[in-house]
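Subject: Structure for you to look over

Dear colleague,

My notes on what was found in it follow directly below.

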Amino acid sequence: MKFIASLILLFSVQAFAETSDPFDQFIGNYVIEGEPRVKEFNNNYCIQYCFGSLKSVSVKVGDAKFESHRVDFVNAYKSNRHSVMNYETRNDRDTAGSFAVTSGGEGWAANVRGTWSVGNKQGVRIRLLRTDRGVMVALDDETLRSGVLRKACYYEADLLKVAE
């Protein structure tokens with residue numbers, strides 16, 4: 001009996017150690033609770049993923065190059081895929097590039113990806129946060145020129161996990 005308990009403990013610790021990506025804790029299917037929230041800054045057109053009419057969200061393991069996970073946003077018209085990635089590129093003069101970085105911890109995960117050049121940046125950030133009722137998804141799309149925020153869209157929705 002001690003041997004079996006030791007094996008169970010060993011496999012539990014090993015499985016926990018192999019789960020290094022913070023998006024792993026959110027894998028599953030979710031429905032939208034309430035209404036999605038969309039805010040715009042500086043007259044930006046905030047229509048990404050038709051977020052205002054979201055019906056459900058799925059978090060899955062990625063299947064494309066550099067993609068660790070993907071978040072599928074499903075609305076009444078179609079499904080849109082947001083890739084969670086990790087990479088960095090720069091031009092020869094180190095004056096422009098693109099990037100994607102994942103961070104997170106217990107109960108939260110974030111990924112930001114975008115492009116930059118000297119003084120300018122465009123980026124999309126996705127965040128998942130465990131709440132008392134479920135999960136909150138937030139998506140920020142920002143454009144900075146000469147270090148000043150020029151336009152932005154901020155999206156949020158509360159999610160309830162669907163039993164599988």
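The largest cavity holds about 40 Å³ of space, where a cavity is a set of points on a 1 Å grid over the protein atoms alone at which a 1.4 Å probe fits but cannot get out, with grid points joined across faces, edges and corners and the volume taken as the space filled by probe spheres set on the points. The structure holds one cavity of 30 Å³ or more. Its lining, meaning residues with an atom within 4 Å of a point, consists of Val 112, Lys 121, Gly 123, Arg 125, Asp 140 and Glu 142. The elements that contribute two or more residues to this lining are β8 (120-130) and β9 (135-145), and β8 gives the most, with three residues. Sorted by class, the lining has one nonpolar, one polar and four charged residues, where Ala, Val, Leu, Ile, Met, Phe, Trp, Tyr, Cys and Pro count as nonpolar, Asp, Glu, Lys and Arg as charged, and the others, Gly among them, as polar.

Before the rest, a word on how to read the model. This is a predicted model in which local features need a pLDDT of at least 70 and side-chain atom pairs count only at pLDDT 80 or more, while totals for chains, interfaces and linings use all residues. Residues are numbered from 1 along each chain as its sequence is written, and side-chain values use heavy atoms, with hydrogens and water left out.

The pLDDT, which is the predictor's confidence in each residue on a scale from 0 to 100, averages 84 over the protein chain, and 88% of the residues score at least 70. Confidence is lowest in helix α1 (residues 2-18), with a mean of 38, and highest in β2, at 95. Over residues 1-19 the pLDDT is below 50, and this stretch has one contact in the model beyond near neighbours in sequence, a contact being heavy atoms within 4.5 Å. Where pLDDT is low, the predicted coordinates should not be read in detail.

As for the overall architecture, the protein chain comes to one helix and 10 strands, these being DSSP runs numbered from the N terminus, with helices (H or I) of at least four residues and strands (E) of at least two. Of the 164 residues in the protein chain, 37% are buried, and in what follows buried means under 20% relative accessible area, exposed over 50% and partly exposed in between (1.4 Å probe, protein chains only). Among the contacts with a separation of 6 or more, 42% are between residues 24 or more positions apart.

A search of the whole structure finds three aromatic pairs, where rings of Phe, Tyr and Trp (its six-membered ring) pair if their centres lie within 6.5 Å, and planes under 30 degrees apart count as stacked, over 60 as edge-to-face and the rest as tilted. One of them is the tilted pair of Phe 51 and Phe 73, at 5.8 Å centre to centre and 50° between the planes. Because Phe 51 lies in the loop between β1 (28-41) and β2 (54-61) and Phe 73 in strand β3 (residues 67-75), this pair ties together parts that are 22 residues apart in sequence. Phe 51 counts as buried at 0% relative accessibility, and Phe 73 is buried with a relative accessible area of 0%. The rings of Phe 51 and Tyr 155 are also tilted, with centres 5.1 Å apart and planes at 45°. Since Tyr 155 lies in strand β10 (residues 148-161) and Phe 51 in the loop between β1 and β2, that pair ties together parts 104 residues apart in sequence. Ring pairs link Phe 51, Phe 73 and Tyr 155 into a cluster.

Asn 80, in strand β4 (residues 79-85), is buried with a relative accessible area of 12% and, residues up to four places away in sequence not counted, touches Tyr 49, Val 71, Asp 72, Phe 73 and Asn 75. Gln 48, in the loop between β1 and β2, is in contact with Leu 139, Asp 141 and Tyr 155, its neighbours within four places left aside.

With best regards

Definitions and conventions
On a 1 Å grid over the protein atoms alone, a cavity is a set of points where a 1.4 Å probe fits but cannot get out, and a pocket is an open set with protein on both sides within 12 Å along at least five of seven lines; lining residues have an atom within 4 Å of a point.
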